[in-house]
Amino acid sequence: MDPSHQRPAADPPKALDIQDRVAALVARMSLDDKIGQMALGQPGTASPPETLGDAIRGGRIGAVVNVVERAAINELQRIAVEESPHGIPLLVGRDVIHGFQTILPIPLGQAASWNPELVRAGARVAAEEAARSGINWTFAPMIDISRDPRWGRIAESLGEDVFLTGRLAMAMVEGFQGRSLADAGSIAACAKHFAGYGAAESGRDYATTNIPDNELHNVYLPPFRAAVEGGVASLMTSFSDLDGVPATAHAGLLRDVLRGQWSFDGIVVSDWESIPQLSVHGLTANDREAAIAAANAGVEVEMASATYARHLADAVRSGRVDLETIDAAVARILTLKFELGLFEAPYTQATDNPQAKRETALQVARQAALQSMVLLKNHNDLLPLDSQRMERLAILGPLADAAYEQLGTWIFDGEADRSVSALAGIRARLGSDTEIIHLPVLETSRSREFVDIDAALAAVRAADAAILFLGEESILSGEAHSRANIDLPGAQAKLVQRIRASGKPVVAVILAGRPLTLANIVDQVDAMLYAWHPGSMGGPAIADLLFGIESPSGKLPVTFPRAVGQIPLYYNAKNTGKPPRPDTVTRIDEIPVQAPQTSLGMSAFHLDIDHTPLFAFGHGLSYARFEYSDLRIRPPQIAPGECVRISVELRNAGRRAAEEIAQLYVRDPVASITRPVRELKGFQRVRVAPGQAVRIEFRLHADDLRFYRRPSGWILEPGRFQVWVGGDSNADLAGEFQLIDA
Ligand code: BGC
């Protein structure tokens, strides 16, 4: 291929032209050509065995996944354009989940920034790097609501909240897709996994889900609707089954909800081999039936497996699948290819100035890392550490110098040499005035034996403070990497105890792909910073926060339980008929023997643990001190179609400028179905100078109070609504307003 054949995508193709061109093309295609467009192949698995090039040349594959090298992709595009039956270019897919060569924090970490603009910028950086390699389709964002930290894929999610996930999903879609899919640096996004995957029982990946209809519509589906409204080009089905029907064959979801109610006109792709897995689920007897079920449910593209290639043509001829279904599927696939400008510009060239792009990417990654980290504890304001006063620092733990491990899951294309470890970041920040003694003490996060513990203890005794880098490596979270026990693995808790005994100030920095249960160490450290897997620029960001160049500003996008036995534990739960009282505290050891059955209060709590989480949704400390006051709600009464304005004064009573994330929660205390005790309905990230106060206003539309109830669908019920504004989901500045009948 001669790159000079590249034609610039001058004007984005217009919708009407596209429709005409698609119709003309579909009219010329044979049934086999059409089914070829519905196949997504990957190197080495074509069936019958043939090279990808041959499959493309024969028109048997219309998309590829996991080819990433520009020259290889250009060559495959050349075969498609010059040698395949209708010269149709390829969709080139890849899991660009949180960065490409430059790695951003894991999505769960990005969600902790509560910053849609930054999340959008991060997705843009990822899209531009991926597009430069010839990739034009990413399998992101992953927007499964996740209430179970055991689930390895919680790392890829945007957390437990419907509203936050929906906002950030739209931001990611905008970042990947840009203003136009045909723009240089834009790639098609794919919202996944539709739907309910995050509810896998006990957090075991791929396990079945049990989601009542009301929960499905009120909790699990709204982020997908937001992505659809944000123009997402594609959706991926979930591996899981939903009320007895695997999502990949779920016509109710794919046809009635997605196409019918939401008017989605993009494409639906299966997950990896999830079509033949319909038979493993026990829904279909064989691949042929599986292909028929998926095609009829509305899955347009089959990923990795080849049941469509083998069985769809015959299924059409025998009347099991209508030709119109195939035509509609192919029309959608071709429409996306036209929208991406692939017919005009199928090839990719190296950009002029990769170094400049790289610097921008690293800056965005650093900003994202900074804003994603959450200060969970800061006893006696130990942090920030004053670098002037630190003559000697002990830097310990298996993740202090772990440039690779801090990148997190799904980093196929991440460049290790772009990653700066915490140790390197701290050294660069402190220069030579502070002596740093670094000892990992544990070889990996899972090691049970200490190495050099005596040297480590001596280092701590001689140091002004100890900073422990703990957590879990990348490989302990992500797909098929769920854990039943989510304490710090190995001997890390023991290490904390040993260091604690020195009496020196102890800071714990946790790098992890999920919320860990930290109850056994939180009292043993003075300060705790949760860094997630922060990506390439994790090290400099950690150093900036520890030494006060910046104030921490992340807030938890997910509840941190005290113990696994509390899971699922999430802030927007139902009240129940017997909620625990705020003062319900349990000390199992103090319960008298033969105590009367009802003596402990008869409410929804565990006998052996406090009923509250260790850290609540929305929690996150700052080096500033934020105070909320003067809640105003205007007007006190609204009708359907109207807005209520809710404002507060936010004062920075501390001594440093910092950013705070103000959060708005609402409760519908009496409704025709039980509603959550609180629901996030708004948030704003604001910077406030020391001693200054700002007024923050949220506008809540009556439609934001709607909820789904079977069988009526989405309804709005008049009545009283309670409101809270503050810095976390326990905010206590409260008010209320009325929604009246029209
Ligand atoms: C995952 C998807 C991913 C796909 C392609 C599957 O196993 O569930 O999220 O996009 O693989 O790599």
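This is a predicted model: local features need pLDDT of at least 70, side-chain atom pairs count only at pLDDT 80 or more; totals for chains, interfaces and linings use all residues.
**Exercise 1. Pair count and one example.** State how many aromatic pairs a search of the whole structure finds. Then classify the pair F194 and F224.

*Solution.* Step 1: the search of the whole structure gives 19 aromatic pairs. Step 2: take F194 and F224, whose rings lie 5.1 Å centre to centre with 65° between the planes. Step 3: planes over 60 degrees apart count as edge-to-face, and the pair F194 and F224 is edge-to-face. Step 4: place the residues. F194 belongs to strand β5 (residues 190-194) and F224 to helix α9 (residues 222-229), so their pairing ties together parts that are 30 residues apart in sequence. Step 5: check burial. F194 has a relative accessible area of 0% and is buried. F224 is also at 0% relative accessibility and counts as buried.

**Exercise 2. A second geometry.** Classify the pair F338 and F343, and decide whether these residues are buried or exposed.

*Solution.* Step 1: the ring centres of F338 and F343 are 3.8 Å apart, with the planes at 10°. Step 2: planes under 30 degrees apart count as stacked, so F338 and F343 form a stacked pair. Step 3: both F338 and F343 are buried.

**Exercise 3. Charges over rings.** Find which residues lie over the faces of W410 and W724, and give each distance from the ring centre.

*Solution.* Step 1: over the face of W410 lies K192, at 5.5 Å from the ring centre. Step 2: over the face of W724 lies R678, at 3.9 Å from the ring centre.

Methods:
Residues are numbered from 1 along each chain as its sequence is written. Side-chain values use heavy atoms; hydrogens and water are left out. Rings of Phe, Tyr and Trp (its six-membered ring) pair if their centres lie within 6.5 Å; planes under 30 degrees apart count as stacked, over 60 as edge-to-face and the rest as tilted. Helices (H or I, at least four residues) and strands (E, at least two) are DSSP runs, numbered from the N terminus. Buried means under 20% relative accessible area, exposed over 50%, partly exposed in between (1.4 Å probe, protein chains only). A charge sits over a ring if NZ of Lys or CZ of Arg is within 6 Å of the ring centre and within 35 degrees of the ring normal.
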